Amino acid sequence: MPAVKLGARLSEQLAEALASGIREGQLQAGQRLPTEAALVERFGVSRTVVREALSRLKTLGLVESRQGSGAYVRRQPEPVTAEPLMLTPDGSVEAVLQMVEVRRALEAEAAALAAARITPATLAPIQEALQRLEAAVAAGGEGVEEDMAFHAAIARATCNPFLLATLAHLGQFLTGAMRVTRANEATQDRMQQEVRAEHIAIVRAIAKGDVVAARFAGAQHMVNAAQRIGQADPAFWAERGRQLAERLREELGTQPDTRRS
């Protein structure tokens with residue numbers, strides 16, 4: 001197994017270490033990755049770091065999950081390289097809204113491309129990811145990881161490795177922003193129902209191959225997410241929202257912002 005180098009975020013370092021092992025042939029196509037517990041012990045990191053690293057590899061299309069079996073190296077993975085982007089969002093409310101704007105631009109087009117290129121083989125993972133997300137919410141969870149997996153499945157259906165690489169790099173920022181939006185949405189049943197309906201609309205449009213409807217549904221989902229942030233109870237920002245913003249700052253290694261957060 002490759003080693004993790006000191007430097008950037010641990011989940012980024014672990015993802016890159018595993019990706020290098022896959023690209024260099026140390027981890028073969030079809031090979032089962034070590035369990036979460038084994039990776040935790042091998043690299044000396046937390047389960048959260050391992051899960052975020054695996055999520056990034058899934059977005060890149062390098063690994064896939066098999067229910068009840070674990071994560072496996074995908075056969076014929078797409079080799080993707082990209083120059084690193086230098087981003088330093090500070091975890092404030094403004095930064096969260098800016099990341100929602102980025103998601104609107106990327107995910108609206110991802111939904112449109114997925115609709116244009118959808119096949120039964122790429123539609124099934126999207127539908128399964130939505131089912132897992134709804135199950136997580138029904139069980140009382142916020143569904144952050146499942147939501148990211150849902151949108152990653154849509155991105156993979158575009159068959160565009162550059163889009164996948166962009167989303168994989170932005171994943172560290174998008175996940176933090178999604179924690180805030182989903183925590184806020186979990187405070188009201190109305191908001192949760194709205195999000196569910198928006199996800200269903202995206203999947204239906206993609207399944208029909210309706211490019212226009214898919215693009216609109218993807219963009220509208222993000223527009224509504226921004227509106228829901230604006231409708232958040234002030235108490236949410238004073239407590240849970242602030243905690244999540246501070247967590248995002250710590251994970252990104254940035255200094256606290258003096259603006260309202």
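In this predicted model, the largest nonpolar core has 25 residues, and those with the most contacts inside it are Ile126, Leu130, Phe150, Ile154, Ile202, Ile206 and Ala214. Two or more residues of this core come from each of α4 (93-117), α5 (120-138), α6 (144-156), α7 (161-185), α8 (189-208) and α9 (211-230). Leaving aside residues up to four places away in sequence, Ile126 touches Ile118, Phe150, Ala153, Ile154, Ala157, Val203 and Ile206. Another core, of 22 residues, lies apart from the largest one and includes Ile22, Leu33, Leu60 and Ala71.

The structure also holds three cavities of 30 Å³ or more. The second largest cavity is lined by Glu107, Ala111, His151, Ile154, Ile202, Gly218 and His221. Ile154 and Ile202 are also among the residues with the most contacts inside the largest core. At least two lining residues of this cavity come from each of α4, α6 and α9.

The largest pocket is lined by 44 residues, of which Lys58, Val63, Glu64, Ser65 and Arg156 are the closest to its centre. The elements giving two or more residues to its lining are α2 (36-43), α3 (47-60), β1 (63-66), β2 (70-73), α5, α6 and α7. Of these, α5 gives the most, with seven residues.

The table sets out the two spaces.

| Space | Volume | Lining by class |
|---|---|---|
| Second largest cavity | about 50 Å³ | three nonpolar, three polar and one charged residues |
| Largest pocket | about 1300 Å³ | 18 nonpolar, twelve polar and 14 charged residues |

Conventions
Residues are numbered from 1 along each chain as its sequence is written. This is a predicted model: local features need pLDDT of at least 70, side-chain atom pairs count only at pLDDT 80 or more; totals for chains, interfaces and linings use all residues. Side-chain values use heavy atoms; hydrogens and water are left out. A nonpolar core is a set of buried Ala, Val, Leu, Ile, Met, Phe, Trp, Tyr and Cys residues joined through side-chain atoms within 4.5 Å. Buried means under 20% relative accessible area, exposed over 50%, partly exposed in between (1.4 Å probe, protein chains only). Helices (H or I, at least four residues) and strands (E, at least two) are DSSP runs, numbered from the N terminus. Contact means heavy atoms within 4.5 Å. On a 1 Å grid over the protein atoms alone, a cavity is a set of points where a 1.4 Å probe fits but cannot get out, and a pocket is an open set with protein on both sides within 12 Å along at least five of seven lines; lining residues have an atom within 4 Å of a point. Grid points are joined across faces, edges and corners, and a volume is the space filled by probe spheres set on the points. Ala, Val, Leu, Ile, Met, Phe, Trp, Tyr, Cys and Pro count as nonpolar, Asp, Glu, Lys and Arg as charged, and the others, Gly among them, as polar.
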